[in-house]
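This briefing sets out the fold, the ligand surroundings and the backbone geometry in turn. Please consult the sequence and the model alongside the text.

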Amino acid sequence: MQDTIKNIKTLEELQALYTATFGKNGTMTARLKEMKNLDNDARAALNLENTTLRELFKTRQAEIENAVMMSELAGQKLDVSLNPAPENRGTLHPLTQSLREIAQILESYGYQMRTGPEIEDDWHNFTALNTPAHHPARDMQDTFFLPNGNILRTQTSAIQIRAMESDGVPIKMFGIGATYRKEMDATHSPMFHQIEGLYIDRDITMSDLIGDVRAFLSRFFEIEDVELRIRPSYFPFTDPSIEIDMKWRGDRWLEIMGAGMVHPNVLRNAGIDPDRYQGFAFGFGWDRLAMLKYNLDDIREFYNGDVRWLKNSGF
Ligand code: DAH
């Protein structure tokens, strides 16, 4: 019996023999029922046989279960030498990446980053910027109007006003954010982004403006010393107003930003005395600067959310 148990190979056979031995009609069960008729020695021998057999069954069961598990494991062996499938790694959107660079440069010159609401009121977007109702300059910006009279901000210049109203002067800040105008083609999107600089103190001049812009553009485009061209221009909120062009790849002039000395009316509208304070402002298209830096030619690509484009553009 003991050898039989040791040689059993499957749990089913083991179970069958166990039932035949210890089951209701099992051989051992029958013998145990007759135990009362045995003398002491025979009883002791039967008890010993009973416990020994039970132990043997238990041991054999564990052995078989173990063997089954080992053979299953051997069949499922993992090949740990195989190279894992490549991870899909994310990249920063070129606008985010360029903003980080722009912010880092401007902050190193002491400009503090500000934002403002994209749904603006007329005061911050136009009137306070010396562009009252019926001013012809409002026509330059095709505005989206909301039913309650508010608008979608057409320029980040609105952030200048909010910053001066809340912080007063002296102030050195740059505003960033989305702006909206009714226009759409390869170089215009109805939603685009602008960055705006403002520096007001007692004796800030046009040469401070040009110095900061030159340093900023040189660092952003990694050009030793950018060549700039300053043209007179017109904006209601600056006087004098200029347009700054940059020499690009040695042969072309590119229009980069509008700028100028902040108009006394604008300072007054923000609660600042223009006889004591003066300074400059500048504004440029953040998307446009990123397009130049990364060699892109369609602004709409920024907003398509096409991961293949993001991956292949080599940012
Ligand atoms: N807000 C102007 C625009 O959207 C850009 C601009 C021009 C901003 C001159 C300025 C500035 O701060 O001084 O076209």
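A polar contact here is a pair of N or O atoms within 3.5 Å; within protein, one must be able to donate a hydrogen and the other to accept it, and residues adjacent in sequence count only if both atoms are side-chain atoms. By that criterion, a polar backbone atom of phenylalanine 282 is 3.5 Å from an oxygen atom of the ligand. The model is predicted: local features need pLDDT of at least 70, side-chain atom pairs count only at pLDDT 80 or more, and totals for chains, interfaces and linings use all residues. Residues are numbered from 1 along each chain as its sequence is written, and side-chain values use heavy atoms, with hydrogens and water left out.

**Ligand surroundings**

- Of the 16 residues around the ligand, those that come nearest are Gln155, Ser157, Arg181, Gln194 and Glu196; a residue counts as near if one of its heavy atoms lies within 4 Å.
- Glutamate 196 places a polar side-chain atom 2.5 Å from an oxygen atom of the ligand.
- In serine 157, an N or O atom of the side chain is 3.0 Å from a nitrogen atom of the ligand.
- The ligand on its own has 360 Å² of accessible area, of which the protein covers 91%; areas come from the Shrake-Rupley method with a 1.4 Å probe, and for residues only the protein chains shown count as cover.

**Sheet**

- An open sheet of seven strands has the order 1-4-5-9-8-7-6, with mixed pairing; strands are DSSP runs (E, at least two residues) and helices likewise (H or I, at least four), numbered from the N terminus, and two strands pair if DSSP finds at least two bridges between them.
- Strand 1 (112-114) and strand 6 (228-233) are the edge strands, each pairing on one side only.
- On average, neighbouring strands of this sheet are turned by 25° against each other, direction ignored.
- Eight bridges link strand 5 (residues 191-201) to strand 9 (residues 278-285) in the antiparallel sense.
- Opposite glutamate 196 stands glycine 283 of strand 9.

**Helices and their packing**

- Helix 7 (residues 157-167) lies across strands 1, 4 (171-180), 5 and 9, and runs at about 140° to strand 4; axes are lines fitted to C-alpha atoms, for helices over the stretch in contact, and angles run from 0 to 180 degrees between N-to-C directions.
- Helix 10 (residues 286-294) lies across strand 4, strand 5, strand 7 (238-248), strand 8 (252-262) and strand 9, at about 60° to strand 9.
- The axes of helix 5 (residues 94-108) and helix 10 come within 10 Å and cross at roughly 100°.
- Helix 5 is therefore roughly perpendicular to helix 10, a class that spans 65 to 115 degrees; angles under 35 count as roughly parallel, over 145 as roughly antiparallel and the rest as oblique.
- Helix 8 (residues 206-221) and helix 10 have axes that come within 10 Å and cross at roughly 45°.
- Helix 8 is therefore oblique to helix 10.
- Phe216, Phe220 and Phe221 in helix 8 meet Leu289, Leu292 and Lys293 in helix 10.

**Backbone geometry**

- Most residues other than glycine have a negative phi, and most peptide bonds are trans.
- Valine 169 and proline 170 are joined by a cis peptide bond with omega about -5°, and proline 170 lies in the loop between helix 7 and strand 4.
- A cis peptide bond with omega about 0° also joins aspartate 239 and proline 240, the latter lying in strand 7.
- Arginine 249, in the loop between strand 7 and strand 8, has a positive phi near 50°.

Methods. Contact means heavy atoms within 4.5 Å.
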